[in-house]
Amino acid sequence: MAAPSVSCGAAVPYRLFLAGRVSFAREQGLWKAAASGLQTGTRCQILRLKHSPAVTTTKNVAALRRESYTVDFIKKQIEEFNIGKRHLANMMGEDPETFTQEDVDRAITYLFPSGLFEKRARPIMKHPEEIFPKQRAVQWGEDGRPFHFLFYTGKQSYYSLMHEAYGKVLHAEERQDQLRAKGLFSEKSKSKDLIGSRWLIKEELEEMLVEKLSDQDYAQFIRLLERLSALPCDAAEEEFVGRFRRTVTVQSKKHLIEPLQYDEQGMAFSTGQGKRKTANAEAVVYGHGSGKIEINGVDYLLYFPVTQDREQLMFPFHFLDRLGKHDVTCTVSGGGRSSQAGAIRLAMSRALCSFITEDEVEWMRQAGLLTTDPRVRERKKPGQEGARRKFTWKKR
Amino acid sequence: MRGDGWGEGSPNRAFIMFRLLQGKVLFFTSLSLDYFHLKHSACAKQSLLLEYTVKILKLCGLTQVRWSRYGPEYQDPQIDKEYYRKPLAQLTEEETYERELRKTQVIKAAPATKTSSVFEDPVISKFTNMMMKGGNKILARSLMTQTLEAVKRKQFEKYHAASAEEQATVERNPYTIFHQALKNCEPVIGLVPILKGGHFYQVPVPLAERRRRFLAMKWMITECREKKPRRMLMPEKLSQELLEAFCNRGPVIKRKHDMHKMAEANRALAHYRWW
């Protein structure tokens, strides 16, 4: 299906995980590590911290045309990388045979300490597969005749994949008709793990096919795959569909629930920390109590005269039906009244996780009680009066 | 900046927000895509005042907003307690699917104004926010509570002054009065200025649900602010207006009827609408 391509893998740019595929302006001999000639590649793709759609910098078109790497060049790079890795291992006093990529990274950060804030601008020594983007080898023979029968569509891998998938769909439908004719067809739905996995995103598919796709192409492909998965499939077809699915982690497993602690009197308690804007809070929730909340040594009724803040404090307990059952002592600093209330709410929710079942933790997470609110005050920009407000426009 | 962009308000307004069904992989049909294309071409016809172009991802459940601190994959929190307390046996297939799906999704933090409290009402919160000036939520909320108290007092006075048969008809719950009053103020059809042949024509247009609610609240608040006697306080005036609207009288209802009459008068221009 994929055309013969130069074997260069790039770090997968998951849009969901916001990793950047980075490669830099080509400068000969800039980050030469030990004995290996490391050369970094092409243009830089910036992903803003505020999750804006990915924007590429203005491309130097002339430079792009020089980008084609020959197979020999890449092979040479790989050899140099391997030799360099061995030299590096010797330098660090470790065994070259068992020198992994993590050890390489550690060695490089040790030998080339960099104070640059941008992590992607620091010296790296990675396998050329990760640095040089995947490219296609020449698609036609010496006589100029292309190898693939769909070459002139422009997107040969994509169309051949669609062709294959559609063939499978027809095959499955034919089989379904045969089963129906025999009366052996049963309407039971297939137990596919639709939730534990997701379809490939467009970037992943592009990378797999080494071809640019449009949004409509991608959507068409996904529709076809869904149609195929809806039909009764045999093992080969399931495997085909499985190639385009990736597993999705269950979110709640990422939370680490602290075990309960016990103080001198034998009372169970648990601590939690919370942040909101610039407010930091630490809460200690006791297992048995009468619903008393003490903040910085002051009762919550005096500390938060506003109803809204007290409602925020009450929220986690009311959600779990544990309103009068716990005592809380917390300290908070920074921020304003609302952000302090939010910080304490988060701290209390986290502390409460130790007292409740896993299901309830998941409910709290889905109610938004266990997420740190990432919204912070936006900075003022030069040339504007505030973060968004512009100066009054004057015609003259 | 959030709003249902589909056919709401002025077509020259350029905000397009589209929230796809959350994670309905099974129900992701070509229908949603065609709709998207239709809307896209319709918007392309308008003057391209697209200040904030929002890239719409076709993957279910992802809405990309340009300046949001949350990524596109973050979902809104579900705060209703009863949703979680429902036993698993009673869930339909769709609900089980949705539950399973939510386990894999990242959720945003709950905002500071929402709680699981029984006293919380989304309509009241929205109205309070609209009444708020300069970010003074404390004042707005206190005005709101005073208004509801005033409504309750007036109704109780009326209740005690009425005879036994009439007492059954007197509504004393301020929340029901509030909701009913706003519902009575909602216009069914609205007017939209459409540029045609160099002139702006007021074209009658059906309004979306949230636009209607917004207009009702907006009219109520502007009416109370502008037509208030000088020494009268906002809660008193607002309670008065709410009670009148509850009985389908009063200036806000009149404004709604005026809007309807204008729409009726301009119904010849209805074909200027293309959506």
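**Entry 1**

I began with strand β7 (residues 261-262) of chain A, which pairs with strand β8 (residues 268-276) of chain A in the antiparallel sense over two bridges. I took strands as DSSP runs of E of at least two residues and helices as runs of H or I of at least four residues, numbered from the N terminus. I counted two strands as paired if DSSP finds at least two bridges between them. The model is predicted: local features need pLDDT of at least 70, side-chain atom pairs count only at pLDDT 80 or more, and totals for chains, interfaces and linings use all residues. Residues are numbered from 1 along each chain as its sequence is written, chains are lettered from A and ligands numbered from 1 in the order in which they are written, and side-chain values use heavy atoms, with hydrogens and water left out.

I noted that Tyr262(A) stands opposite Ala268(A) in β8(A). Five residues separate β7(A) from β8(A) in a hairpin, and Gly266(A) in the turn has a positive phi of about 90°.

I then followed β8(A) to strand β9 (residues 279-286) of chain A; the two run antiparallel and are joined by eight bridges. Gly274(A) has Ala281(A) in β9(A) as its bridge partner. This hairpin of β8(A) and β9(A) has two residues between the strands, and Lys277(A) in the turn shows a positive phi of about 50°.

**Entry 1: the whole sheet**

I traced an open sheet of six strands in chain A, in the order β7-β8-β9-β12-β10-β11, with mixed pairing. β7 and β11 (298-299) of chain A are at the edges with a single partner strand each, so one side of each is left without a neighbour in the sheet. Strand β10 (residues 293-295) of chain A pairs with β11(A) in the antiparallel sense over two bridges. Within that pair, Ile295(A) has Val298(A) in β11(A) as its bridge partner.

Helix α11 (residues 337-352) of chain A packs on the sheet, touching β8, β9, β10 and β12 (327-333) of chain A, and its direction makes about 145° with that of β8(A). I took contact as heavy atoms within 4.5 Å. Axes are lines fitted to C-alpha atoms, for helices over the stretch in contact, with angles from 0 to 180 degrees between N-to-C directions.

**Entry 2: Ser270(A)**

I looked up Ser270(A), which lies in strand β8 of chain A. Ser270(A) is buried, at a relative accessible area of 2%; buried means under 20%, exposed over 50%, and partly exposed in between (1.4 Å probe, protein chains only). The side chain of Ser270(A) reaches the backbone oxygen of Ala351(A) at 3.1 Å. Leaving aside residues up to four places away in sequence, Ser270(A) touches residues including Leu260(A), Val284(A), Ser354(A) and Phe355(A).

Cys185(B) is in no disulfide, and the nearest cysteine sulfur, that of Cys224(B), is 9.7 Å away. Cys185(B) is buried at 0% relative accessibility. Cys330(A) is also buried, with a relative accessible area of 2%.

**Entry 3: chain B overall**

I found 10 helices and two strands in chain B, in the sequence pattern α-α-α-α-α-α-α-β-β-α-α-α. Of its 275 residues, 41% are buried. Among contacts in chain B between residues at least 6 apart in sequence, 68% join residues at least 24 apart.

Key:
Disulfide = S-S within 2.5 Å. Polar contact = N/O pair within 3.5 Å; in protein donor to acceptor, adjacent residues only side chain to side chain.
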